[in-house]
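The following exercises concern one protein structure. Please study the sequence and the model before reading each solution.

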Amino acid sequence: MGRKVVLTAINAKYIHTSPAIRSLRANAGSYGEDVELCEYTINHRREEILAGLYEKRPEAVGFSCYLWNIEYVLSIAADLKKVLPELIIAAGGPEVSYHPEEILEQHPCIDLIMVGEGEQTFREYLSWLNEDGTPEHLGEICGLVYRQRDKRTGADTVRRTPPRQGMKMDDLVFPYNDLTGLEHRILYYESMRGCPFSCSYCLSSIEKSVRKKDPAKTMSELDFFIRRQVPQVKFVDRTFNCDPGYAHQIWRYIGANDNGITNFHFEIGGDLLREEDLVLLQSFRPGLIQFEIGVQSANPDTIHAIRRTMDLEKLRRNIVRIRKGHNIHQHLDLIAGLPFEDYDSFRRSFDEVYAMGPDQLQLGFLKLLDGSYMNERKEEYGILYSEKPPYEVLSTKWLSYEEILRLKLVEEMVETYYNSMQFTTVMAYLVRRCGSAFDLYYELGEYYRARGLLGRKHSRLDRYEILWGFCVERYGTLEEQKEEVRELLTYDLFCRDYVKNPPSFVRPRTDRIREAVRRYLKREVQTGGTLSEDYAGMTTGQLYHMLYMDLFAIDMEQAAETGTIKKSSPVYLLFDYRKRNPLDHSAEIRTVPPETIF
């Protein structure tokens with residue numbers, strides 16, 4: 001038995017897993033047998049984490065440090081040292097790698113920091129810990145910054161060893177073998193390290209070269225996830241398609257081995273997609289893969305200042321083309337607080353990216369990361385930022401704090417009314433009538449603020465009622481517009497679930513409509529229609545309370561796509577909740593012409 005070591009990760013959410021601590025243990029050789037993994041979230045009480053680690057009585061603990069957990073880590077480490085004074089506490093990760101000497105000086109509870117890539121460093125450290133333990137030999141391990149005590153004077157000296165060179169990716173041991181306890185969580189996977197681009201706000205740009213696994217190794221490891229029907233695998237690779245040939249080969253393998261369940265998430269450069277990629281992607285099952293694409297800004301001066309290379313027109317064409325395939329979820333990112341982006345410029349960037357029609361639009365705020373080029377130029381750009389993690393921008397030469405607060409309003413409304421994918425048709429309509437998506441979300445945010453609705457927990461039905469109140473106030477006496485909003489809201493509401501006690505704007509179905517619905521369902525059961533196959537053994541009465549059906553006079557598909565209203569002869573729409581769209585989880589909708597009922 002070797003010395004007991006615990007690797008600890010404090011994740012942002014329960015559904016997340018830590019690839020870092022798993023890779024360290026997997027690559028520790030025979031020493032990995034004595035390494036235990038402990039995962040928590042930032043929602044755990046610090047006392048609970050402290051007690052959990054203490055009860056394991058380890059001889060060394062390693063913490064994985066990131067923006068979202070560094071304050072937790074330092075607080076817990078300080079208390080852990082008090083109750084286990086002989087414990088060796090090590091730290092690694094981006095939040096401690098760029099100023100490790102300062103971390104050691106300010107936090108005496110930390111004994112050692114592993115800087116940069118950790119697998120080989122960790123293995124050599126475990127060998128030293130178990131086989132040697134002499135201070136002079138610790139200095140022979142690359143990638144360490146540690147505190148060493150002078151036996152003669154008793155004073156501590158901080159020492160830094162030579163930097164650790166990156167491993168060959170094919171030498172990395174696959175970090176997963178036993179998935180017990182991970183059945184319903186996201187698994188993270190990397191097939192490459194480094195990034196060929198030089199974005200000034202990103203730490204990945206520090207290593208400009210790209211190291212990637214042999215495609216055969218990547219495909220073999222992906223087969224592990226596919227055979228076990230893992231729900232979601234997220235590639236942590238930066239710009240996965242920076243080598244288009246490699247990306248295409250992996251995508252082709254995933255498509256050919258689709259198990260009908262596993263979803264793969266990639267961060268890509270949207271403008272790097274080629275014609276052959278787009279053709280391949282169009283053939284995929286809906287929900288097989290999803291893309292995260294960092295646009296960041298549509299302002300050319302800003303793009304140049306942050307050292308990005310991007311063909312915005314090609315990006316737009318590719319995103320729109322993928323969207324028309326209705327099979328790939330696209331998540332687009334914008335960053336507020338970048339150089340040369342003032343309030344009006346960001347508004348234009350927002351509207352331009354919103355018009356591309358992503359499934360989700362993340363409005364993020366610049367974070368000044370230690371080690372980034374942006375951090376080095378913060379004074380030149382007049383950037384003020386929070387003193388504590390996540391070091392978020394407060395103002396710049398171009399953007400005031402007051403304007404940042406306005407953008408925060410927009411961000412909250414976008415999360416609620418766009419990214420939830422529950423208000424698709426009504427928001428498309430409202431944006432078209434407003435003329436600017438940004439202005440609409442800001443106006444809606446002001447509506448919340450003026451009524452003291454911000455900062456509260458609202459149910460889904462509450463959100464619908466609030467939006468209805470906003471529209472009633474906005475359109476006043478314009479009865480036609482209010483009736484259009486009423487029908488669109490009703491449609492969006494029942495797309496998601498059969499609401500037994502609907503909000504105030506939903507008109508009760510008339511006796512004639514209720515009778516028509518019952519007649520249709522009875523005929524389906526009696527004649528062996530498609531519903532009888534999916535709901536075998538159900539009576540008409542049971543179906544009536546499981547499926548929603550109502551009369552609509554608006555072409556909802558056109559309304560969702562363009563925001564325009566096309567009135568037509570009323571048709572019955574049947575919402576089937578057992579069959580859902582894998583991208584937005586909305587019910588399958590069937591059109592039933594009235595003449596087929598009466």
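**Exercise 1.** Is Asp 534 buried, partly exposed or exposed?

*Solution.* The model is a predicted one, in which local features need pLDDT of at least 70 and side-chain atom pairs count only at pLDDT 80 or more, while totals for chains, interfaces and linings use all residues. Residues are numbered from 1 along each chain as its sequence is written, and side-chain values use heavy atoms, with hydrogens and water left out.

Step 1: recall the classes. Buried means under 20% relative accessible area, exposed means over 50%, and partly exposed lies in between, with a 1.4 Å probe and protein chains only.

Step 2: apply them. Asp 534 has 25% relative accessibility, and therefore counts as partly exposed.

Step 3: look at its partner. The side chain of Asp 534 meets that of Arg 590 in a salt bridge, 3.3 Å from N to O; a salt bridge is a side-chain nitrogen of Lys or Arg within 4 Å of a carboxyl oxygen of Asp or Glu. This pair links distant parts of the chain, since Asp 534 is in helix α21 (residues 530-534) and Arg 590 in strand β20 (residues 587-592), 56 residues apart. Helices (H or I, at least four residues) and strands (E, at least two) are DSSP runs, numbered from the N terminus. Arg 590 counts as buried because its relative accessibility is 14%.

**Exercise 2.** Determine which parts of the chain are tied together by the salt bridge of Arg 3 with Glu 59.

*Solution.* Step 1: check the contact. The closest N and O atoms of Arg 3 and Glu 59 are 2.9 Å apart.

Step 1: Arg 3 lies in the segment before β1 (5-11) and Glu 59 in the loop between α2 (46-55) and β3 (60-64), so the pair ties together parts that are 56 residues apart in sequence.

Step 2: classify them. Arg 3 is partly exposed at 32%, and Glu 59 is partly exposed at 33%.

Step 3: consider the whole structure. It holds 45 salt bridges. Glu 117, Glu 119, Glu 190, Arg 193 and Arg 211 are linked in a network of such bridges.

**Exercise 3.** How many disulfides does a search of the whole structure find?

*Solution.* Step 1: apply the criterion, a pair of cysteine sulfur atoms within 2.5 Å. The search finds zero disulfides.

Step 1: For Cys 109, the nearest cysteine sulfur is that of Cys 65, 10 Å away. For Cys 495, the nearest is that of Cys 471, 17 Å away.

Step 2: classify these two. Cys 109 is buried because its relative accessibility is 8%, and Cys 495 is buried because its relative accessible area is 11%.

**Exercise 4.** Identify the residues with positive phi among Gln 296 and Phe 340, and describe where they lie.

*Solution.* Step 1: take Gln 296. Its phi is near 75 degrees, a positive value in a residue other than glycine. Gln 296 lies in strand β13 (residues 289-296) and is buried, with a relative accessible area of 7%.

Step 1: take Phe 340. Its phi is about 70 degrees, also positive although Phe 340 is not a glycine. Phe 340 is in the loop between β14 (329-336) and α13 (343-354) and is partly exposed, with a relative accessible area of 39%.

**Exercise 5.** Which peptide bond is cis, with omega near 10 degrees?

*Solution.* Step 1: name the bond. It runs from Pro 389 to Pro 390.

Step 1: Pro 390 is in the loop between β16 (384-385) and β17 (393-395).
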